[in-house]
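Hi there,

Here is the model I promised to send over. Have a look at it first, and my notes follow below.

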Amino acid sequence: MLSTMMPVPLTIDHMIERAYCLFARELIVSRRPDKTLMRTNYGDVLHRAQHLARACLAGGLRPGDRVATLMWNHQHHLEAYLGLPLGGLVIHTLNLRLFPDDVAYTAAHAEDRWLLVDDILLPVYERFKEQWPFEKVFVVPFGEAPSQHSGYDCYEALLQSADNAVPLPEKKEDDALGLCYTSGTTGRPKGVVYSHRSTMLHAMAMALPDYGRLERGAAITPVVPMFHANAWGLPYSGTLMGCRQVFPGPHLDAASLLDLFEAEQVTMAAGVPTIWMALLQALDAAQGQRWQLPPMRILVGGSAAPEGLIRGLDRHGLHIHHLWGMTETSPMATAAALSSQEHELPVDEQYKKRARQGIPAPFVALRLMDDHGQEVPWDDRAMGEIQVRGPWITGSYLHEGTNPDKFSADGWLRTGDIASCDATGSIRITDRTKDLIKSGGEWISSVALENLIMGHPAVAEAAVIAMPHPKWDERPLAVVVLKPGQTLHPEELLAFMRPHVASWWLPDEVVFANEVPKTSTGKFNKLALREQYCRNKET
Ligand code: AMP
C-alpha cells in the first residue's frame, strides 16, 4: 500500500526558502582579518547566494560541476555553502592547511572547475596553482579593500553579473551537494560526497537537543574551520533553525575567540579539544576578571574531550557537549547526553559519562566488531572497531570501490576507531587502530592515558605514542606540555597516574616539550610525534 504523504524531496531549496521567509532579519556576523566586524543578515546572504547560483550557471557551469572554496569562516563562505548547491553545483571546501601537493591532488581528483578564494589566502593558492588549472579563479574581498587582483576574476563582479532570468535547476534529493576530503594522515586524502538528502537529515539531527541543540535564539560560532567536515554541519543546521551565526574569521587564538564570544554574546561554539584547552588556560589566568561570557554550550569533537577539560570549562560556565564523528559521517554520529537517571549520579560519575563519546544519533546504526567479525558485548571492557551505517554515512569514496579495509561485506563503514560500550549503549573510544599501543600482547589506550595526564593541574597538553620495545613490542611514551610557570618531575606525574591505571600502563618515558604538533584540523599529530621520537631514539 502506498502512503498518502507528499513526495517532497529533501533538498536545500526548502532550507533557503524557509530562512528567507522566516529569518531574513536575523544577524550574520563575521570578523575580518583586521578584527572589525561585518554585520549582515540572512536576507542579504540568501540574496547573494541566489546571485552566486545564477551567475555560475550563466558563466557556463552545469549542475553536478564542482566549485572549490579556499576560504576562512565568514559570511561569503556561508553564501557559497548555500548558493552553490542551490545552483545544483557541488561545493568542495579545500583544506587550506594541507600540504600544497595534497590540496592540488584533491582539486584534481574532484575535477574542480572554478575556485573561490579569499584575498588573504591567495598566497596559499599560489603555492599549488601550477598543479591544477582551475578554469576561473574568483577573489573574494575579505581582508583587503576590494581591488582587482591581476590575473584573477572578482567575486563581487561575478555576483553582479547574475541574471534573474536564469532558472535554478530542480534537484533530486540524492544529487551531490558537497565534497570533503579526509585529512589523510596516511596515504592520499579520500573524497566523501554528500547529497542534499544526507545534508538536510544531518542538519535536522544536529538541531536535536541531545546532539547539537541548534535552537532559535542561539548565537552560534563554528570555530571548527568551514573546510573541516562541513564545519560539522553548523552552517546548514544554523540556517535551518534561524540561529544567529557569528563567524570568527582567521583569528582562532584563545583571547581573540573570547573577545568575540563576549562582544557578540555567543551561546554555542564548536571546535576540537586543543582550541578549548587554550581557552581554559586563558580563562584560568584571567580569574574571571577579563571576559563576561553568557552561559555557553561548547560542542567538542574531532578528538576525545578529556574529563579535566570538561570540569575546567564548567568552572567558567562553559558546558562541554561531547560528539564523535568523522568526515565520512557528515560528521556527527554520536553524542554523550545524560539520561534522567544519569543526572542523579554523583558528580564524578556524571563527568565520566560526559567524557564518553555517547550513543548514536537517530538513524545511525552502530556496532563494535572484534577481529573475528563478532559483535563485542556491552560490558565496557571488550573492545571492537566502530562500524556505522545510516543516511548520512558514506557508502564509498569518490572514484574508489568499496575497499574491504573501509567497508564491511554487509555494507557498514569501518571507521578504524576502537571502542568499548557500556550497558546503556554509550561508547568510549580507546584509540584509532593505528594509535593503540600493544605491550606484551595486551592493548594500552593512548587516549585514556592522555586524558589522565591532562587531568593533572600543571599540564596543558599531553599526547601518548607507542615506542618500539625489544621485549614488549611497544611501550608508551608521553609527550607533555606544561602550563606556563609550572614545573613537574616525571616521577610526580607517574605518582599522580598510579592510582588510576594498571602499573604496566604507566609510560616508560615522560618527555616535556614546548608544544604537541597539530594536524591540519588541529588534532594531536601522532604521526609527526612518532617520527620525531623514534628518530631521536635511533640517532
Ligand atoms: P576527521 O575525519 O578529520 O574529522 O577525523 C575523524 C576521526 O577523529 C575519527 O575517526 C576519530 O578517530 C577522531 N574523533 C572524532 N571525534 C572524536 C571524539 N569525540 N573522541 C575521540 N576521537 C574522535
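This is a predicted model, and I began with the ligand. Its surroundings consist of 17 residues, and the closest are L323, T327, D417, R432 and K523.

A polar backbone atom of L323 sits 2.7 Å from a nitrogen atom of the ligand. For T327, an N or O atom in the side chain is 2.7 Å from an oxygen atom of the ligand. K523 also uses its side chain: a polar atom there lies 2.7 Å from an oxygen atom of the ligand.

Where does the shell around the ligand come from? Two strands, β14 (318-325) and β20 (427-432), each supply at least two of its residues. The largest share belongs to β14, with 4 residues.

Now for the domains. The domain assignment gives domain 1 as 12-252 and domain 2 as 437-538. Their C-alpha centres are 38 Å apart. The two domains do touch: 5 residues of domain 2 are in contact with 7 residues of domain 1. Between domain 1 and domain 2, about 510 Å² of area is buried, and carbon and sulfur atoms give 62% of it.

Best wishes

Key: Residues are numbered from 1 along each chain as its sequence is written. This is a predicted model: local features need pLDDT of at least 70, side-chain atom pairs count only at pLDDT 80 or more; totals for chains, interfaces and linings use all residues. Side-chain values use heavy atoms; hydrogens and water are left out. A residue is near a molecule or strand if one of its heavy atoms lies within 4 Å of it. A polar contact is a pair of N or O atoms within 3.5 Å; within protein, one must be able to donate a hydrogen and the other to accept it, and residues adjacent in sequence count only if both atoms are side-chain atoms. Domain bounds come from an automatic or database domain assignment. Contact means heavy atoms within 4.5 Å. Buried area is the accessible area (1.4 Å probe) that two parts lose on being put together, summed over both.
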